[in-house]
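Colleague: I would like to learn how to read a few features of this model, one after another. Could you take me through them, with the general idea before each case?

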Number of protein chains: 2
Amino acid sequence: MKFSGRIERCALSPIRKFHPYVVAAQAQGKKVYHLNIGQPDVPTPRAFFDAIGDFRESVLAYAPSPGVEVYLDAVKDYYCGLGFEVGREDILATYGGSEALQIVLSCILGEGDEILVPEPFYPNYMTFVNVTGAAIRPIPTSGAEGYRFAFRDRIEPLINDRTRAIMVTNPGNPTGVVLSKEEMGVLVDIAKKHDLFLIGDEVYRELVYGDEPLSSFLEFTGAAENIVVVDSISKRFSATGARVGAILSRNHELLGHALKICQGRLCAATLDQIGAAALYRALGEGYYAEIREQYRSRRDAVVESLKNIPGAEFRCPEGAFYLMVKLPVDDAEKLQYFLLQEFDDGGDTVMYAPGEGFYATPGMGKNEIRIAYVTKEEDLRRAIELLGLGIAAYNKKQKE
Amino acid sequence: MKFSGRIERCALSPIRKFHPYVVAAQAQGKKVYHLNIGQPDVPTPRAFFDAIGDFRESVLAYAPSPGVEVYLDAVKDYYCGLGFEVGREDILATYGGSEALQIVLSCILGEGDEILVPEPFYPNYMTFVNVTGAAIRPIPTSGAEGYRFAFRDRIEPLINDRTRAIMVTNPGNPTGVVLSKEEMGVLVDIAKKHDLFLIGDEVYRELVYGDEPLSSFLEFTGAAENIVVVDSISKRFSATGARVGAILSRNHELLGHALKICQGRLCAATLDQIGAAALYRALGEGYYAEIREQYRSRRDAVVESLKNIPGAEFRCPEGAFYLMVKLPVDDAEKLQYFLLQEFDDGGDTVMYAPGEGFYATPGMGKNEIRIAYVTKEEDLRRAIELLGLGIAAYNKKQKE
């Protein structure tokens, strides 16, 4: 039987290939510190479980395809509370931010189309785009420039008659870059001028560590037709297993098309939407500020520890809970195999996400890694220490 | 901005257009009996809610992309209990049967490909297939033949070099047809001979009203590479809002491709999978037999009542909870508008799913309707009575 050429262009998670080596390292009694996982250790607020426990209907029925009303209203109120005018009719509930992206991209992209995405990017974007038959055209960045990308003269030359959209994660995964209001304005202008959709994946919105107010592309009401925002409760409330997200747009033609897909899959999970609504209702700026402070101090611990690794290049990330680091090694994947198979310090070793998986351009990211800071500070410090020791041991062995 | 041509070929639910008229009828004080909805009134077993309530982890974390272990094991044991040998490695957990179909079709279909589907079919198949850029080539059936379709000489001439798969719902929605073992064998032979995937949507498997043992395409181990089965807890346990399903196949190349999409969207909802596992563990043949008996007697009530409508043509359905009926009217959609706007009997009227939405071939199904028997017997009897009275009033008015 034949498979679709599109699925053949998709890849399994680049982290998976290390799995057998992690198992083997653990079997040898090694403790593996994880800098590779985006699963926060922050407890999921009880409001979620309480709301689900309070469900008293005898039949767990389909939710409406656009979403459960209490959830849509909670999302609306959250945005209105931030000062962004959003109506219930501007929102569709989805299975997490992932399905929101899948649906939006299915509405916009066809065979041979292109979408601009700053590189490095979240690897699953590649799967979502490939499945539509379109391709990512990367907007190049460099570590030396702090991975910033919102430059008109860099983006406009990449636009051609097959370009349909620009898609950005803000705050950024894997870079931790937070766009300034001016940078957002540049992207909005380009989208308007070239008649493109601008897809803002804003699932990390609350996690910004500067003094700026929280932003959203939804602020740019002058480009209401161009802008689509994707959101999720996964990171905001440390509820990644709930799979509740949203598409937000004032382009109702787009939402009308998206609703066809929402109706096709009937609905997102009913109880999870009810739990998500309760989270938005129960928690507010006090909670967000607390979580923000926790991640900020984790970030500071990571950045401080990284300064002790000679030759490691990075900028202090401004948001989300990731950063990219350029290591003083020839190949970050080879280093990862070494760390799992040949290295330990008092029985401990470390794992990260090698950088190549975050690039579409072949050869890029070879000596970069992504670090996620979602565990306890002392573990993060120890993990970075192990990374430094491992690099020294690896480079020593290379020279032998 | 441009939209994908594929999404423009998709349609919103054909039932939606009646919504404002239902609201208006209800505002006039009319009671609308629903024969149009696939949402059963059967209570969701408490085991689901209890298992979710017992969840004690502090973080609601991502599930593994292929599924939560307890759920995969529960599905495996369910199939093994039916005598179909299935391993955990043959199963991927999905957001209901809908996502299972979306994933499988994304792996198989590309631009310009074709998939054979007996007509009339579940309308969401059209959305799932259109989104891939492929097209449904309908296998024609007729009410006079009881909507049976597993005829080699009817199917083989439809196969060409762009045909990739045959997809069937068994037991059938909207027809209620249950394939005999011989008919399943015909389809399997055709798939093998022509190197096609055979996708069996078996979400209604437990709802068969004859004396035959429960069947599955997974029985046909001689065509293991061709066969993919889609399943769901939605109808089996009356838990449509839980969104938990599965892809089952012994074609591990297919599952490997499907896993790329599963990893892309990270996981299906964690708690819902835990609840689903508990349903499989807590309930068995006794429960299925009870539900089966309940639907069988509803089916009998509908069939008996329909016999009182002069000129209505139908066969007694063998499974699922639907049947197609050919009405003695010119146009079932026009009748539906009449029933909502101009007709009532003691303040009551009725709603069904007009047949055209179940056909890909233009003009087909114009005087057919789909009835879902998922409510109380007395309501079903009253609804069919209203249908008969409505038809008489409509035809009388047409002649005036």
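Modeller: Helices (H or I, at least four residues) and strands (E, at least two) are DSSP runs, numbered from the N terminus. This is a predicted model, in which local features need pLDDT of at least 70 and side-chain atom pairs count only at pLDDT 80 or more, while totals for chains, interfaces and linings use all residues. Residues are numbered from 1 along each chain as its sequence is written, and chains are lettered from A and ligands numbered from 1 in the order in which they are written. With that in hand, Lys235(B) is found in the loop that joins strand 7 (227-232) and strand 8 (245-249) of chain B.

Colleague: Is Lys235(B) buried or exposed?

Modeller: A residue is buried if 20 or more other C-beta atoms, placed from the backbone, lie within 10 Å of its own, exposed if 12 or fewer, and partly exposed in between. Lys235(B) has 26 C-beta neighbours inside 10 Å and therefore counts as buried.

Colleague: Which residues is Lys235(B) in contact with, leaving aside its neighbours within four places in sequence?

Modeller: Two residues are in contact if their C-beta atoms, placed from the backbone, lie within 7 Å. On that basis Lys235(B) is in contact with Pro40(B), Val203(B), Tyr204(B) and Leu207(B), once its neighbours within four places in sequence are set aside.

Colleague: How should I read the packing of helix 3 and helix 10 of chain A?

Modeller: Two packed helices are described by the angle between their axes and the distance between the axes. Axes are lines fitted to C-alpha atoms, for helices over the stretch in contact, and angles run from 0 to 180 degrees between N-to-C directions. In chain A, the axes of helix 3 (residues 46-53) and helix 10 (residues 270-282) come within 8 Å and cross at roughly 130°. Helix 3 of chain A is therefore oblique to helix 10 of chain A, given that angles under 35 degrees count as roughly parallel, over 145 as roughly antiparallel, 65 to 115 as roughly perpendicular and the rest as oblique.

Colleague: What relates chain B to chain A?

Modeller: Copies are superposed by least squares on the C-alpha atoms of residues with pLDDT of at least 70 in both. Here a rotation of 180° with 0.0 Å of shift along its axis superposes chain B on chain A, with an RMSD of 0.0 Å, which is the relation of a two-fold axis. Among the residues of chain B, Gly53(B) comes closest to the rotation axis, at 3.0 Å (C-alpha).
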